[in-house]
Amino acid sequence: MEQTSNKVIVSLKDIFVRFDGEVILNHINLDIHEKEFVTILGPSGCGKTTTLRIIGGFVNPESGDVIFDGTRINGMPPHKRNVNTVFQKYSLFPHLNVYDNVAFGLKLKKLPKDEIKQKVKKMLAVVDLKGYEKRPVQKLSGGQQQRVAIARALVCDPEIVLLDEPLGALDLQLRKDMQLELKEIQRSTQTTFIYVTHDQEEALTMSDRVVVMNNGVIEQIGTPEEVYNEPVNAFVADFIGEANILNGTMIADQRIRILGKELPCVDKGFGKNAPVDVVIRPEDINITSVEEGQLAGVVEKVTFKGVHYEMSVRCGKCEILVHSTKSAAIGTTVGLSVVPFNIQIMNKLLPFYDNVIEAVVGYGSEEENYFEFPLEDETVRVEGHFYPEGTALRITLPPEALSLAGDGMGDLQDVYIESVVYKGEHNEIILESDERKWLMLSDTDEQVATYVPLSFDFSKATFETVNAAQEEK
Amino acid sequence: MKSKLLSLPYIVWMLVFTMIPLVMIGVTAFTDNSGCFSVDAFVSAFQYTNIFLKSLWIALLSTVICLLLAYPLAYIICQMRPSTQKTVIMLMMIPMWMNFLLRIYAWVLLLQNGGPLDTLLSAIGIHGDYSNNTAAVVVGMVYEYLPFMLLPIYTVMGKIDKSLIEAAQDLGSNKASVFRRVILPLSIPGVISGITMVFVPSASTFVVAQYLGGTDDIMIGDVIDKIFFTNNHIGAALSLVLMVFILLFLVLMNKFGDEEAIA
């Protein structure tokens, strides 16, 4: 951290990328400082690799600027950029040995032979591969190939090294060793590293700053401590580390109601009675006697994890995860308490809870008691209700009225799953269709960044006719 | 044990249809009409040295021309969209479904005096003989064997990992140097198998020269074809010599290929 200067080396301004009509990056802005280790973290399909490829020059944004050292470099081909990449699958040249792989970039720079030899030797020593010069790369282990790839990028003395999930193919122990080694290499070479991963632990271990992305936007940028301790929303809290994320209401400044109890907290400025998301890390919850606790619950599960016990405590309908050095017997009622500082309040991911759609009836049949209305290029049929053609309606669908349908079924096809957050009772799933977002409750864990058909249960919906006069008002 | 049992039919096949005929050819080559050991057939075979060398020369020329045509073509095809690639490869393959003799005969018609090419060039004042010479034989051979050069090169080139090309660009390669430093060395195995697949059959081919070549453009395959009816000892001897040459060529190519893979 102390090594990072304040000079911005690369800056992405209002970057927008679309492939085949699908938005990959939705107007992102990002500044990266000299000598900084920045990690771009997010689930697969969030746009992190595309962000890296824009800096590398392999993808050109549809709009927005890439500024490198004060100069706009949009459209500059990769070979003219002073940036080198460590690719996900290493991409070592199979027809060259270790030495020639590492020397590849230097030979292109037309450096004298002696200098190339000296630099390659030095770099192989840095990545701990002394004496491997003549080995064919296919004969190396995954970790060794990884090191060759890093040496090949670093030896060119780039201003930025881009790393695209470089540890993904390694086993856990090797990953952990390599994480520390990478950080050490970055520190000793004083180079800017931009690292892409979906592994939150990796991001927290190595980075000076973490950029959390989801669905083509940057959710939060901050130091590892900041994104862990002060996540800006439920997505970040859920993605990084373990967390209890609960629905809460701000009673007043510094007063929050969760699980039916009022608790003191430190956040303010959300407005009176505002619905909020609350995150409490499992290690911040203390087990107390029932009388002393702010909340009370029944212990349902206890697992010994070495440093602590992991307990699942049921408070009413909600399941709360607690990490504690003290254990409690299953079935006993315990008190739970949290210091106000450790209750993190966040704005809701969506500004609404119930899904409200405005629609005009396209066709209605009184005798068969149904009507149809157009919704995002599809026709939705509502059984059990009748409104004549042309009626303007406001339909309110609570989250529990939404469900994911099987293939080829459903009222809306191909709805994108943007996030899935467990709220102690249900998963709250945020979906994105062509024109709007939806909130849905589900007890199953859905895969984010996939497309699913969505169907509506209109027996749980409420219908209101909207008259023209009301509209004008 | 089980794998040995499974390979038995193939071993029997090889024995009956490859090894025994090979031994028979060897025996025929080293005997005379009375069945005694003799090297007369080889001595007589020497009279065909010129034809032999010319055949190898034509085969070599055809192979080189095939390579010069097929390599850039394979490279261009690999740059196309996958669906277009399939179509182009299909178009290259379709003529191969036609009978070999018909295709050669089509060339005879195209190149003969008064044929389409002659008529066309005469109209703009160029006169000449396009048929019955060595050039026509080479044209026929190139046409015949081009797909055998294209396919292996295309297959190998198409399998080159795109990320290797990106890695080369990332390290400072422009288009020309990506080609020279990555695509060319990695496509060598395809080139080697293409050369083998074209040179070997074209060295021993027959009929092409009979139809398209002049009177002195007879190839060793044609000689073997004819001579077997009158003197099978010389025919067998010629076949053996040709086999040895092809074998030498294959060994050479493999050696070259191995070195290329290590370098």
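Student: How many helices and strands does chain A have?
Tutor: Nine helices and 31 strands. Keep in mind that this is a predicted model.

Student: What does chain A span along its principal axes?
Tutor: The C-alpha trace of chain A covers about 90 × 60 × 40 Å.

Student: And what share of chain A is buried?
Tutor: Buried residues are 38% of the 473 residues in chain A.

Student: What about contacts between residues 24 or more positions apart in chain A?
Tutor: Such pairs make up 66% of the chain A contacts that have a separation of 6 or more.

Student: Let's zoom in. Where does Tyr99(A) lie?
Tutor: Tyr99(A) is in helix H2 of chain A, residues 98–108.

Student: What does Tyr99(A) touch, leaving out residues up to four places away in sequence?
Tutor: Val120(A), Glu133(A) and Lys134(A).

Student: Why does Tyr99(A) count as partly exposed?
Tutor: Count the neighbours. Tyr99(A) has 18 other C-beta atoms within 10 Å. A buried residue needs 20 or more, and an exposed one has 12 or fewer. Tyr99(A) is therefore partly exposed.

Student: How far is Tyr99(A) from Val452(A)?
Tutor: In space, 49 Å from C-alpha to C-alpha. In sequence, Tyr99(A) and Val452(A) are 353 residues apart.

Student: Back to H2(A). At what angle does H2(A) pack with H3(A)?
Tutor: About 130°, with the axes 10 Å apart. H3(A) is the helix at residues 113–126 of chain A.

Student: Is the crossing of H2(A) and H3(A) left-handed or right-handed?
Tutor: Right-handed.

Student: Which residues meet there, H2(A) against H3(A)?
Tutor: H2(A) brings Tyr99(A), Val102(A), Ala103(A), Leu106(A) and Lys107(A). H3(A) brings Ile116(A), Lys119(A), Val120(A), Met123(A) and Leu124(A).

Student: How do the residues of that contact divide by class?
Tutor: The contact of H2(A) with H3(A) has eight nonpolar residues and two charged ones. It has no polar residues.

Student: Where is Lys35(A) found?
Tutor: In the loop between strand E2 (22–33) and strand E3 (37–41) of chain A. Lys35(A) counts as partly exposed, with 18 C-beta neighbours inside 10 Å.

Student: And what is phi of Asp414(A)?
Tutor: Near 50°, again positive and again not a glycine. Asp414(A) lies in strand E27 of chain A, residues 412–422.

Student: Is Asp414(A) buried or exposed?
Tutor: Exposed. Asp414(A) has 12 C-beta neighbours inside 10 Å, and 12 or fewer counts as exposed.

Student: Now chain B. How many helices and strands?
Tutor: Chain B has 12 helices and zero strands. Its C-alpha trace spans about 75 × 70 × 30 Å along the principal axes.

Student: What share of chain B is buried?
Tutor: 31% of its 263 residues. Among chain B contacts with a separation of 6 or more, 75% join residues 24 or more positions apart.

Student: Which residues of H11(B) are buried?
Tutor: Ile220(B), Gly221(B), Val223(B), Ile224(B) and Ile227(B), in a helix covering residues 220–230. They take up an arc of only 150° around the axis, so they sit on the same side of H11(B).

Student: How do H3(B) and H7(B) cross?
Tutor: At roughly 40°, with the axes coming within 6 Å. That angle makes H3(B) oblique to H7(B). The crossing is right-handed. By class, the contact has 24 nonpolar residues, three polar and no charged.

Student: Last topic. How many residues does each chain give to the contact between chain A and chain B?
Tutor: Chain B gives 15 residues and chain A gives 18.

Student: Which element gives the most on the chain B side?
Tutor: H8(B), with six residues. The elements giving two or more are H8 (162–170) and H9 (175–203) of chain B.

Student: What classes are on that side of chain B?
Tutor: Six nonpolar, six polar and three charged residues.

Conventions
Residues numbered from 1 in each chain as written. Chains lettered and ligands numbered in written order. Predicted model: local features only at pLDDT ≥ 70, side-chain atom pairs only at ≥ 80, totals over all residues. Contact = placed C-beta atoms within 7 Å. Helix = DSSP H or I, 4+ residues; strand = E, 2+ residues; numbered from the N terminus. Nonpolar A, V, L, I, M, F, W, Y, C, P; charged D, E, K, R; others polar. Arc of directions from axis to C-beta. Axes fitted to C-alpha atoms, helices over the stretch in contact; angles between N-to-C directions. Parallel < 35°, antiparallel > 145°, perpendicular 65-115°, else oblique. Left-handed = near helix turned anticlockwise from the far one by under 90°.
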